[in-house]
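Here is a short report on selected sites in one protein model. Look over the sequence and structure first, then read on.

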Amino acid sequence: MAAKRIDLLSVPVDIIQGEELEEEILAMLAKPSAKQIVFLSVWDLLRARINAEYLVALRNADLILPVSKSIIRGAKFLKMPVPQRYNQFDAVIKVLGILDRHYKSLFLFGAHKKSLMTAERNVRFTFPGLQIVGRYVGYYPKDAEKNITQAIFKASPSLVLIGSGIKKGVLWVHRRRNVFNNSIFLWYSDVIDIFSSRKKRISPKVFEKGLEIWPAIFRNPLRIFLIFPFMWYKLLLLGYRISGKTGYQQPEESGTQAESAGEQTE
């Protein structure tokens, strides 16, 4: 496997270069059982420190890609190996491109029907070698859950791309990981709406500068209060630096231990 795992403030983060992603994705596809790719923001990292189930979900994930510049700066500050930061939508495009070149399959899950159908047409046009084997809308009634999981199981896609309207996101996959057989699951709330042009992707310039929080604050001014958990993150980094703690390298996740920890939290 190409990825190398570290712990930043006791939360797992993977180090993998963009050119290594193809090798990693193909290796994941060769493994039996459900797999998960997680995009990790600094807010997710802080959440994992106080939510045991979410932390277990991360430890069970096959690939954790950092998306916040603060995570990169935190690793540097603690003098740890520094991961590569990923733009979520660009990373999705890269993964779909890998699957397209190898004639793999895709299941689209999430968003409203109109967005989902438009996104499917656009994905088919952009990735002609990628077979779309199913779709299901988000915001679904609770009694539709069984039909959804059965549809994904029967289709057995290479990738299940999950958008908006799926409660719990990463945890939705984690809690159902034993239901599925051989697919990779990737949740990014905006992805289907971006493919359908209902939402705009983050400007590459804004992302590069690490300023993507400001458009989010503009849409929801209450997000300005995220300054307090961010200050807590800075204090945690300082505390780890003073105490001499760093993350430790995790050569291979112990599936048995992670599974048993997951069962205790469920």
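Leaving aside its neighbours within four places in sequence, which residues is Ile-148 in contact with? They are Phe-109, Tyr-136, Tyr-140 and Trp-172, where contact means heavy atoms within 4.5 Å.

## Basis of the model

This is a predicted model: local features need pLDDT of at least 70, side-chain atom pairs count only at pLDDT 80 or more, and totals for chains, interfaces and linings use all residues. Residues are numbered from 1 along each chain as its sequence is written, and side-chain values use heavy atoms, with hydrogens and water left out.

## Ile-148 in helix H7

Ile-148 sits in helix H7, residues 145-155. Helices (H or I, at least four residues) and strands (E, at least two) are DSSP runs, numbered from the N terminus. The relative accessible area of Ile-148 is 0%, so the residue is buried. Buried means under 20% relative accessible area, exposed over 50%, and partly exposed in between (1.4 Å probe, protein chains only).

Val-137 is 11 residues away from Ile-148 along the chain. Their C-alpha atoms are separated by 9.4 Å.

## Ser-115 and its partners

Ser-115 belongs to helix H6, residues 113-126. Ser-115 counts as buried because its relative accessibility is 1%. Leaving aside neighbours within four places in sequence, Ser-115 is in contact with Ile-192, Asp-193, Ser-196 and Arg-198.

With Arg-198 there is also a side-chain polar contact of 2.9 Å. A polar contact is a pair of N or O atoms within 3.5 Å; within protein, one must be able to donate a hydrogen and the other to accept it, and residues adjacent in sequence count only if both atoms are side-chain atoms.

## Two serines with positive phi

Most residues other than glycine have a negative phi. Ser-10 has a positive phi of about 70°. Ser-10 lies in the loop between strand E1 (4-8) and strand E2 (11-15). Its relative accessible area is 37%, so Ser-10 is partly exposed.

Ser-197 also has a positive phi of about 70°. The loop that holds Ser-197 runs between helix H9 (191-195) and helix H10 (204-208). Is Ser-197 buried or exposed? Ser-197 is exposed, because its relative accessible area is 61%.
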